[in-house]
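Hello,

Here is the structure I promised to hand over. Below it you will find my notes on what turned up.

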Amino acid sequence: MASAAATSLFDAATIAGRWTAAYRAATPATDVLHAAGLDDPAWNALFEELAGRAGDDLTRARESAQRHAEDIGTGFRIAGEGEERPWPLSPVPLPIAKQEWLGIAAGVAQRADLLEAVLADCYGAQKLVAGGYLPATLVTGSPFFLRPMMGLTPPGGYHLNFVAVDLCRGPSGEWRVLADQLRAPVGAGYALENRLAMSQMLGGLQSRLNIDRHAPFFAAFREGIAARCRRADPRIGLLTPGKLNPSYAEQAHLARYLGFLLVEGGDLAVLDDRVYLRTIAGLKRIDALWRRIDPRLIDPLAFDSHSAIGVPGLVDAMAADEVVVANAPGAGMLEARAFAAFLPRLCTRLTGENLKLANIATWWCGQARECAEVAADLDNMLIAPAFGVATNVLADGAGILGANMTTDQRAALVADLARRPQDYVGQEVVRLSTMPVVADGALAARPFTLRVFAARGADGGWHVLPGGFAQIGEHADARAAVMGEGDWSADVVIHGADPVPPVTLLPSDDTTQLRRNPGTLPSRVADNLFWLGRYLERGEALLSIIRALLGHSISADSGAALSAETVQRLVDTAVMAGAAPAPANLRRAELSRFAHAAMDSPDGWWGVRAINRQARGIGAVSRDRLSADMIRLLDAPFPTRGGALDRAGSLQRRYSALAGLSAEHMGRTDAWRFQDLGRRIERAIWAIRAIRNFAQPRATSDDLSTLLDLADSQISYRQRYLTGLARVPVVDLVALDPGNPRGIAFQVAAITDHLARLPVLSDDGLAEPQQAEAAILVATLATAQAATLDMATLDALEHRLATLSDAVARRYFLQGSEPLRAAGLVLA
């Protein structure tokens with residue numbers, strides 16, 4: 001078997017030819033590779049590049065594509081699942097010739113204009129209903145027709161700014177429309193990530209095939225949204241439902257790539273018909289929102305009053321022309337399958353042209369003749385909900401092949417067609433073309449659909465993303481109804497004869513205004529990063545206790561073992577931190593069980609696993625703020641193999657790596673300051689507790705040595721003091737020495753510096769509450785003496801740190817409506 005490194009161009013061509021010949025022999029003429037012809041240069045180049053990368057091992061090619069996708073951070077979540085899954089990327093892209101693509105793009109742009117015109121009429125004069133071109137029941141009976149939008153011209157003048165169209169390729173090579181995606185089109189970010197992954201894997205393909213690039217499309221979309229705004233330098237947000245949304249990873253990637261703020265409904269507030277973002281510097285105006293929230297949940301005052309993820313008053317801000325929302329609420333009504341039955345006629349009526357991309361044949365049962373045709377031909381129909389929601393018969397909201405219906409299902413459908421015919425459509429059963437994928441180490445034919453994206457540019461025209469992405473079925477059945485959403489994705493490359501110049505979203509040097517301000521930091525993000533720092537430090541401190549307990553009292557039978565009193569203090573420290581219930585005794589086996597419990601977090605206890613889970617959750621909602629390496633470390637599985645000491649060491653090394661990435665790779669922005677601020681507060685609290693427990697007036701050498709271990713200060717102490725352990729020098733080093741990066745004084749100095757550099761709300765020169773608390777801490781430590789540092793002072797310091805943490809939260813982590821009434825907030 002040839003290796004990827006050793007595969008020559010000649011060998012790659014030979015391997016590619018062998019793959020192609022075997023695949024053609026086993027597939028029908030309707031397959032895209034088969035139909036392309038024996039000497040198609042695109043497919044030949046593609047397979048040669050693939051062979052050059054993986055040799056003759058297609059399984060390795062598939063694994064390589066998946067690894068590249070995972071490295072980028074691509075993931076998705078199935079509804080109802082807590083964990084993300086890796087994005088399934090096929091190593092075989094789908095090539096489409098430029099000339100064929102131009103026809104697809106023209107059809108998508110025409111369709112987007114048509115849908116815009118229909119929406120403008122349905123929420124405006126409703127001449128199409130009055131003229132008999134659309135049944136009134138089809139419009140007002142849709143659950144996605146939003147009456148509060150009637151008569152409201154969206155800011156910027158358009159209902160649609162971003163659309164997706166699902167296409168299928170028929171047996172004869174024609175492209176037809178399966179569905180329109182208008183509410184919150186998903187997948188552009190996945191198409192971008194597919195391209196990034198395949199560029200890393202098949203880098204030579206770009207120059208060999210002159211592949212169209214994605215960057216111009218996203219630049220046009222960004223410019224288009226900005227052009228709709230009233231301010232010259234608008235602030236744009238991507239409004240997400242949150243981390244549990246199936247495509248949250250894609251949303252975070254798009255926000256970072258486009259330079260949009262990733263915001264949730266709770267981050268926003270409407271004041272005097274303007275939308276503001278709650279930030280650490282006060283309220284900052286938002287000019288546009290790219291919405292990924294269900295429109296019915298976007299404003300509880302206008303739509304669903306039970307929504308907890310919307311922005312109260314957002315529709316009022318739209319009506320006042322103060323915020324652009326893409327796409328406008330209510331656009332999703334045209335996603336209904338029933339509308340497909342009327343679009344051909346509407347296209348002729350509104351544009352004077354026929355549809356360039358035909359729909360699949362659709363019959364809406366709300367019309368008597370069409371209902372009768374569907375009932376008479378059930379065996380050859382796909383029966384589906386007319387409006388995309390569950391019906392009396394189709395309880396899951398999905399379509400079903402009439403030929404597969406049981407006798408009872410058929411009888412129930414016929415009865416419900418008599419009662420509520422408007423709830424159903426009949427559609428032709430579409431057979432899809434197939435494309436090559438890697439299955440069981442060989443190329444296999446699988447059905448696919450193509451999702452294409454269009455964005456409105458600054459001039460109001462449509463820009464179509466060259467390629468989109470293919471959704472590939474896991475099984476060979478080529479019926480669209482059987483394929484469902486697809487199990488794999490593939491990059492789609494548009495190739496031509498002319499070289500494609502490099503394009504980037506980066507502006508030219510002469511148009512870029514230099515700035516060293518990193519931009520707006522939402523309060524929720526600051527809150528998350530603050531607690532990320534605290535959780536990571538808390539986990540590391542608890543791991544230090546576990547390692548001290550296991551390393552000195554269990555694994556050693558010599559004089560290195562700790563005294564029972566010191567071991568008890570270690571146990572008490574962990575128990576007081578809520579890590580695990582206290583052991584029955586201090587015997588070796590019982591302490592081992594206790595250490596495992598502190599690692600694995602029994603129900604109701606906050607051991608290392610529970611702390612790690614919290615940090616991991618914050619990482620999941622901070623993809624737009626943290627590096628891929630940090631996300632990967634946070635998302636790594638909790639160690640389960642080996643003894644507790646090995647597991648604790650492994651996890652502590654991971655935490656050290658995270659601390660190193662934070663210290664050396666994060667810019668010194670406000671985001672970094674909040675993460676480090678949380679870390680410093682938590683470290684100071686644990687240092688105080690360690691001194692209180694292990695540096696009492698009658699502390700033993702075991703106590704003092706353990707304190708130095710927990711404070712990671714053994715080397716520093718022994719470099720300074722050659723006479724052995726003494727209480728006062730140990731206390732001075734861990735508590736009062738400003739040069740010890742693990743000591744209390746160092747943490748307080750860092751806290752004070754962070755608070756001095758963070759934004760303040762007034763210009764009167766007076767300290768804010770959190771700054772005043774830090775000043776008191778500084779003064780307390782500056783005047784303290786190690787010999788007289790008693791328990792009361794330590795208790796006061798810990799209480800002061802807790803008060804400071806609360807003051808930081810009240811000042812910066814804005815919650816609810818109270819910040820809207822607070823004095824001094826900046827409105828910008």
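Let me begin with a salt bridge between E768 and R811, where the closest N and O atoms are 3.1 Å apart; the term stands for a side-chain nitrogen of Lys or Arg within 4 Å of a carboxyl oxygen of Asp or Glu. E768 sits in the loop between helix 27 and helix 28 (769-782) while R811 belongs to helix 29, so this pair ties together parts that are 43 residues apart in sequence. Helices (H or I, at least four residues) and strands (E, at least two) are DSSP runs, numbered from the N terminus. E768 is buried at a relative accessible area of 9%, and R811 is buried too, at 10%; buried means under 20% relative accessible area, exposed over 50%, and partly exposed in between, with a 1.4 Å probe and protein chains only.

Before the rest, some housekeeping. This is a predicted model, in which local features need pLDDT of at least 70 and side-chain atom pairs count only at pLDDT 80 or more, whereas totals for chains, interfaces and linings use all residues. Residues are numbered from 1 along each chain as its sequence is written, and side-chain values use heavy atoms, leaving out hydrogens and water.

Back to the charged pairs: the structure holds 45 salt bridges. One of them joins D795 to R692, with 2.7 Å between the closest N and O atoms. This pair links distant parts of the chain, 103 residues apart: D795 is in helix 29 (residues 791-812) and R692 in helix 23 (residues 670-694). D795 counts as partly exposed, at 38% relative accessibility.

D737 and R720 form another salt bridge, their closest N and O atoms being 2.2 Å apart. Since D737 lies in the loop between helix 26 (727-736) and helix 27 (744-757), and R720 in helix 25 (residues 714-720), the pair ties together parts 17 residues apart in sequence. D737 is buried at 12% relative accessibility, but R720 is partly exposed at 43%. There is also a salt-bridge network linking R230, R231, R274, R285, D287 and E322.

Four strands make an open sheet with parallel pairing, in the order 7-6-11-12; two strands pair if DSSP finds at least two bridges between them. Strand 7 (261-263) and strand 12 (324-326) are at the edges with a single partner strand each, so one side of each has no neighbour in the sheet. Strand 6 (residues 236-239) pairs with strand 7 over 3 bridges, in the parallel sense, and L239 has V263 in strand 7 as its bridge partner.

Best wishes
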